[in-house]
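Subject: Structure handover

Hello,

Here is the structure I said I would pass on. Please look it over before reading the notes below.

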Amino acid sequence: MSSRTMVGVRDFTGHQIGTLKVEGLVSRHPSPRYAVKCLRCGSQATVSQRELSIGTAVCRASGCGREAAREELEETPRKFREKEQRALRERIEETARDWRSTANQLETVNRDLISKGQDPELYLDPATTGTMTEYEAAVFNEREALRFIRETPEYHACPENMVVLFGYLQRNGISQIVSAESLRAAFRRLDTYGLLERPPAPTSASVDYRPVEIRIAPAEPLQESESMVGFDLRTGEQREYTKYEIDRMGSEEFRRVFRLFGDRAPLTPHHAAF
């Protein structure tokens, strides 16, 4: 014979349903009812077993929850402002990230353009728009190159930088008459994008305090007794060249002797005069 299990009525005493704390059973007939106390407003009442079972038991005191609702309403403007401020900060940060990304992309494009192509912001020195003979241009270029080096101590005079510097000028059509201002503007543009070698950090062992004498070629054609200081192509040592020797030099030899380009500088037929 099978046995039947009898399920009794659940006792909610001590339980919390919503804001109601169940304090105890107060009656069983016609249906169980419990005494409850609202933890929010402190009011006391009774609710049925069914209300507690299905979760519909709530505090029915007229003033219950109004204070909390009022506080929430008072908090709403502040929370709204904080939300708007957070959204504004996020938009600003996103715009800043986009700006930095665009700036980096633009810098990369400009760097490639300056190192390989023509510079849209090229500086043209009005002093170089006239005409000169090949000899006058050579003397002018040497004098201006020496002035550029003397007046631009941050420029590191080395063969690598000379190739980059004159390569930039040639790509931009400045090849025959080059002033110190043109060299300085080219140096600034290239140095801005890190395309030139930086000078090594000075050390006590590498600093030379001896005075250096710089000979500058005269602007007028040399007299028979005058000379120019250049570099011997066989030994690489500095020496004086007489007017007789200079007059018999070809344009290529003249450039190399007086290092108007440097031994590694590129030359093209179109720019052969420089």
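The notes below cover confidence, then strands, then helix packing.

This is a predicted model, in which local features need pLDDT of at least 70 and side-chain atom pairs count only at pLDDT 80 or more, while totals for chains, interfaces and linings use all residues. Residues are numbered from 1 along each chain as its sequence is written, and side-chain values use heavy atoms, with hydrogens and water left out.

Confidence

The protein chain has an average pLDDT (the predictor's confidence in each residue, from 0 to 100) of 77, and 79% of the residues score at least 70. Two stretches should be read with that in mind. Over residues 212–220 pLDDT stays under 50, and the model has 16 contacts (heavy atoms within 4.5 Å) beyond four places in sequence for them. Residues 262–274 also stay under 50, with 27 contacts beyond four places in sequence.

Strands

Helices (H or I, at least four residues) and strands (E, at least two) are DSSP runs, numbered from the N terminus. Two strands count as paired if DSSP finds at least two bridges between them. Strands of a sheet pair through backbone hydrogen bonds, either parallel or antiparallel.

An open sheet is formed by four strands in the order β1-β2-β3-β4, with antiparallel pairing. Its edge strands are β1 (16–17) and β4, each of which pairs on one side only. Strand β2 (residues 20–27) is joined to β3 by six bridges in the antiparallel sense, and Leu20 stands opposite Cys38 in β3. The loop between β2 and β3 contains Pro30; the peptide bond from His29 to Pro30 is cis, with omega near -5°.

Strands β3 (residues 33–38) and β4 (residues 44–48) are antiparallel over five bridges, and Val36 has Ala45 in β4 as its bridge partner. These two strands form a hairpin with five residues between them, where Gly42 in the turn has a positive phi of about 85°.

Phe231 has Gln238 in β6 as its bridge partner. The hairpin of β5 and β6 has six residues between the strands, and Gly236 takes a positive phi near 80° there.

Helix packing

Axes are lines fitted to C-alpha atoms, for helices over the stretch in contact, and angles run from 0 to 180 degrees between N-to-C directions. Angles under 35 degrees count as roughly parallel, over 145 as roughly antiparallel, 65 to 115 as roughly perpendicular and the rest as oblique. For residue classes, Ala, Val, Leu, Ile, Met, Phe, Trp, Tyr, Cys and Pro are nonpolar, Asp, Glu, Lys and Arg are charged, and the others, Gly among them, are polar.

Helix α3 (residues 134–151) packs on helix α5 (residues 180–192) at an angle of about 50°, with the axes 8 Å apart. That makes α3 oblique to α5. On the α3 side the contact involves Glu144, Ala145, Arg147, Phe148 and Glu151, which meet Ala180, Glu181, Leu183, Arg184 and Phe187 in α5. By class, this contact of α3 with α5 has five nonpolar, no polar and five charged residues.

Helix α4 (residues 159–171) and α5 pack at an angle of about 105°, with their axes 10 Å apart. That makes α4 roughly perpendicular to α5. From α4 come Val164, Leu165, Phe166, Tyr168 and Leu169, and from α5 Ser182, Leu183, Ala186, Phe187, Arg189 and Leu190. The residues of the contact of α4 with α5 are nine nonpolar, one polar and one charged.

Regards
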